[in-house]
Amino acid sequence: MAIKYTQKVIDEFTNPENVGELDNANAVSTEGSPACGDMITYNMIIDPKTLIIEDIRFRSYGCASNIATASMASKMAKGKHIDEIKKMRPKAVTEELEGLPAVKIHCSVLAINGLKSAIRQWEEESGLVDPQEPIITEKIVMEALRDVINPETGLSLTKMNMVRHVEVQDNKVFVEVLVGETDEMYYENIVEEAREHIESLPGVIDATVKLTEIPVA
Amino acid sequence: MSTTPHIAYLDNGDSTQVLPEVIEEMLPHFTEWYGNPASLHQLGLRAEETLDEAREKVAGLIGAKPAEVFFTSGATESNNIALEGLRRLHPKKKHVLISPIEHASVRNVVLRMEKEGFVELEELSVDGEGLLILDSLREKLRDDTLFVSVIHGNNEIGTIQDLRPIAEICHEKGALLHADCAQTFGKIPLNVKDLGVDLASFNAHKLHGPKGVGALYVRKRLKLRRLFEGPPQEQGLRPGTENVPAIVGLAKAAEIAVRDMDEVMPQVNELTKQLADRLQEIPHVQINGPEIGSKNRLPGNLNITFKYIEGEAILMSLNYGGVYVSSGSACSSRSLVPSHVLTSIGLLHEEAHGSIRYTLSRLNTQEDVDHAVVETAKAVERLRAMTAFIPEEHSKRESEHATTFYKQRKEKLD
Ligand SMILES: Cc1ncc(COP(=O)(O)O)c(C=O)c1O
């Protein structure tokens, strides 16, 4: 199963921009982990007066599209007001790259989340917002599941109406996902992705993700 | 004047170039002797004779009788017919065993059986090189074990299993042994009687033959239930008009591979060993699987982890540099779940993610190896310069993982 990348992705992968870190960064973030096979770190300098991202660097551990999206997102963020980035959707990066294969859409989510969490960290440290309250609600879990991509379609679980049930008890989360017609080969991937996104929410102790197959009969 | 950049095809474990001799042998069966082997006229007879000859040839090459050889569309189909064919005929035998490093065309077949409630599936244990731990087989075999399926030569890490003792242990308990020989056929001496297997799967496209053709060896008097219905080709086991040109190609390619084995395989091993040695000069790499060139390693197979970077990114960089390889397992490189083969031999997820497989064949040259070494060093250096992966964290996880992995394995065995 060959992966077909657009020329834009290939160019961005072979000649990425803004690689490295900044000595005087005031906003940093790390998304993903080595175990998952993709990880992006961002370093930014945000001007406290203008709220403009003056400079940005990234590092990426991951596949070709991970590197390409991290680089593209950094270019898109540079020189922008933080409010603009806070509103940005992963789709914006995908479009700039002239498309990504469905199995790679999650890379754009990782990149955008990386930009946003660097900004969030800076805002918290600057006293502009309260640090996130570690009270987990069903709504917060649903928000997190918006970022979990079904690799078969490249669409999020929430967009595909695959989340049947969310339950939170004492910061332990239980989620039931309807797999519908999704190919079995993606099951493990969906469970892992969903669990990881929920467990990365501050305050969550444990996440259980159950897949339910709709009977064919 | 521009020179064409050198292309090094080092993915022969996935598929190979068909040798000109093989194509030549196949051609008249498309253009002159195109009859259906089931037809009663002269062209039909000719096709039937061709099939008989090919069957005799293949049987001779694997130490079987012609009636024990069935032609299929490849190793995937052979694996399916063998395992599913047994399962359907023996509904009372509820237990099946596989090695944890099977190809998807075995693993997914038995996973499906288990999921649909037909069998209880258990996995055997392998050691850090992928060799089956015989005690785990002795321990797990039951009176109602229908079959054990073991991959003869592993496509990812190149482990060659010693099938003979495995067969003996299975047979003592009355279980059947199926071996997936897709990777070993034509690369190491192979005799189904000596190995003691009851069923064995083969294909052509890993040994410089055409794609979409293979064979299944079924020991005499062993019955299977066919998977689909139609006219009674292949003794009724595999209905459908035989792909005569492809079968001719299979027989020819296998004949050449076995004929030249003693001369070719040492050369392939020599180049593979050289590639391994030179790639190991790159810092922070680790070879996965048995020692290159040893009797338990598939000739031509090199699996290596480049730490702190990810396999698909390496593969893509090499691709643009004209070096064609696989990452992890070719079939799973589209999902982020790490290869179960690599995690079964104790690799951390991040070590599995960073693995690249180079598979060499008789057509590879010194120039290919030189080119691969240069391009790999370049790719690894470039990707490491931008990686977000911090080595110290890895070392900590690595030592913790090694401790628990080997403790659990020991507990499983004790
Ligand atoms: C060990 C093994 N088994 C089975 C197969 C499947 O063979 P085929 O492509 O002929 O269906 C392959 C190759 O892809 C293989 O390496």
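Helix H9 of chain B (residues 244-279) has 36 residues, yet its end C-alpha atoms lie only 43 Å apart. A straight helix would reach 52 Å at 1.5 Å a residue; this expected span is 1.5 Å times one less than the number of residues. Helices here are DSSP runs (H or I, at least four residues), numbered from the N terminus. A kink of about 80° in H9(B) is centred on B:Met261. The bend is the angle between axes fitted to the seven residues ending at a residue and the seven starting there.

The model is predicted, and side-chain atom pairs count only at pLDDT 80 or more, local features at pLDDT of at least 70. Residues are numbered from 1 along each chain as its sequence is written.

A ligand oxygen lies 3.0 Å from a polar backbone atom of B:Ala75. Polar contacts with the ligand are pairs of N or O atoms within 3.5 Å.

Over all chains, the structure holds 39 salt bridges (a side-chain nitrogen of Lys or Arg within 4 Å of a carboxyl oxygen of Asp or Glu). One joins the side chains of B:Arg88 and B:Glu84 at 3.0 Å, N to O. These residues are separated by about one helical turn, because they are four residues apart in helix H4 (residues 75-89) of chain B.

Key
Chains lettered and ligands numbered in written order. Heavy atoms only, no water. Polar contact = N/O pair within 3.5 Å; in protein donor to acceptor, adjacent residues only side chain to side chain. Helix = DSSP H or I, 4+ residues; strand = E, 2+ residues; numbered from the N terminus.
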